[in-house]
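Hi,

Here is the structure I promised to pass on. Have a look at it first, and then read on for what turned up.

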Amino acid sequence: MKKMKKLIALLLAASMLTATVGALEVQPEEAKTEYALSELPKNIKTLLPDSSQILSVQKDDDPYSIITNNEDGTHTATVFAVPVKYQTEDGKTELIDTSIVSNGLVNSVFQGYQYKNKANSFTTEFSKDADKGLRFTTEDSRLVMTPVTEENPPLQEALTETSAETTEEEKAAHDEIDRLEIPYEITASVEEANTESKPDDAFVYDNVFGPHTKVKYYNTSTGFKEDIILEQNVGINRFSFEIDTNGDIPRLTEDADMILVYDKDNSEEQKYRFGSLYAYDSFTPGTDEATDFEHLTFDCHYELEALG
């Protein structure tokens, strides 16, 4: 009975407080018409011309343009091929922010996705557990993509198969590296953008396909980008991922250079796609000595296998 009385007293006090506050006249907040430079996401700042001449950025509803207010009183409009703004659930237009941020306690603990993109019409979530991988969610679809490390050949076999076809110099390099003796574990981390050469946050899996391999994910305005990085010759060039499309239908294009995903309820409606693949090495034009070797190739393809 004592607890009941305390609860009633608290409710009564809250009622009185509400009645008192309700009598006050609340003025509506004036809508903002511009963003200060300090408010701009990192990905938006990299799109702007010389920011030293910019005072602010105008707020408007055009998803493909940015209008700056300049120090000399002029305005500069820049139009982009991809959206730089999105519409929030309450109908407001805001700047896209591709930063990687904490995903909150519930999603981190109970669903296992500790990070996400900061602001867009869709959500891309990242897990420290490579077996959970990445989860991409839009208003009407969901994709989960995880690296499949066990399907790659064991490192011992990979190096043996490669050495049979390589030059004496490459064989010597393999012996020198002696990667078979290196213990490793798959780890996950966030690399924060901090320089002009690294303008975007990245979520990184280290050693996901064995020692000296990385998978990096970057948020983009329309989805995400994936890089598979080999820090040296690891003897493999096929990398497997398991994708769960939540019933939507993945299809290879005729030349297998893209995967198109169609709506499970309408097989003619394309919902999203995996773009064309390409590979390049560490050669830096203008710095490294020029050779006849092709340092960039688009001779890459996808393969699809149904898992059930």
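Is Phe209 buried or exposed? Phe209 is buried, with a relative accessible area of 8%; buried means under 20% relative accessible area, exposed over 50% and partly exposed in between, using a 1.4 Å probe and protein chains only.

Before the rest, some housekeeping. This is a predicted model, where local features need pLDDT of at least 70 and side-chain atom pairs count only at pLDDT 80 or more, while totals for chains, interfaces and linings use all residues. Residues are numbered from 1 along each chain as its sequence is written, and side-chain values use heavy atoms, with hydrogens and water left out.

Now the aromatic rings. Searching the whole structure gives 13 aromatic pairs. Rings of Phe, Tyr and Trp (its six-membered ring) pair if their centres lie within 6.5 Å; planes under 30 degrees apart are called stacked, over 60 edge-to-face, and the rest tilted. One of these pairs is Tyr115 with Phe203, which is tilted, at 6.0 Å centre to centre and 50 degrees between the planes. This pair links distant parts of the chain, with Tyr115 in strand β8 (residues 115-119) and Phe203 in strand β13 (residues 202-206), 88 residues apart. Helices (H or I, at least four residues) and strands (E, at least two) are DSSP runs, numbered from the N terminus. Tyr115 is partly exposed at 25% relative accessible area, whereas Phe203 is buried at 0%.

Back to Phe209: with Phe241 it makes an edge-to-face pair, 5.7 Å centre to centre and 80 degrees between the planes. Here too the pair links distant parts of the chain: Phe209 sits in the loop between β13 and β14 (213-219), and Phe241 in strand β16 (residues 241-244), 32 residues apart. Phe241 is partly exposed, at 22% relative accessibility.

Ring pairs also link a cluster, whose members include Tyr115, Phe203, Tyr205 and Tyr272.

Next, a charge over a ring: Arg251 lies over the face of Tyr262, 4.3 Å from the ring centre. The test is that NZ of Lys or CZ of Arg is within 6 Å of the ring centre and within 35 degrees of the ring normal.

Last, a sheet. Three strands form an open sheet in the order β17-β18-β19, with antiparallel pairing; two strands pair if DSSP finds at least two bridges between them. At the edges stand β17 (249-252) and β19 (266-274), each with a single partner strand, so one side of each has no neighbour in the sheet. Strand β18 (residues 259-263) is joined to β19 by 5 bridges, and Ile259 has Phe274 as its bridge partner in β19.

Cheers
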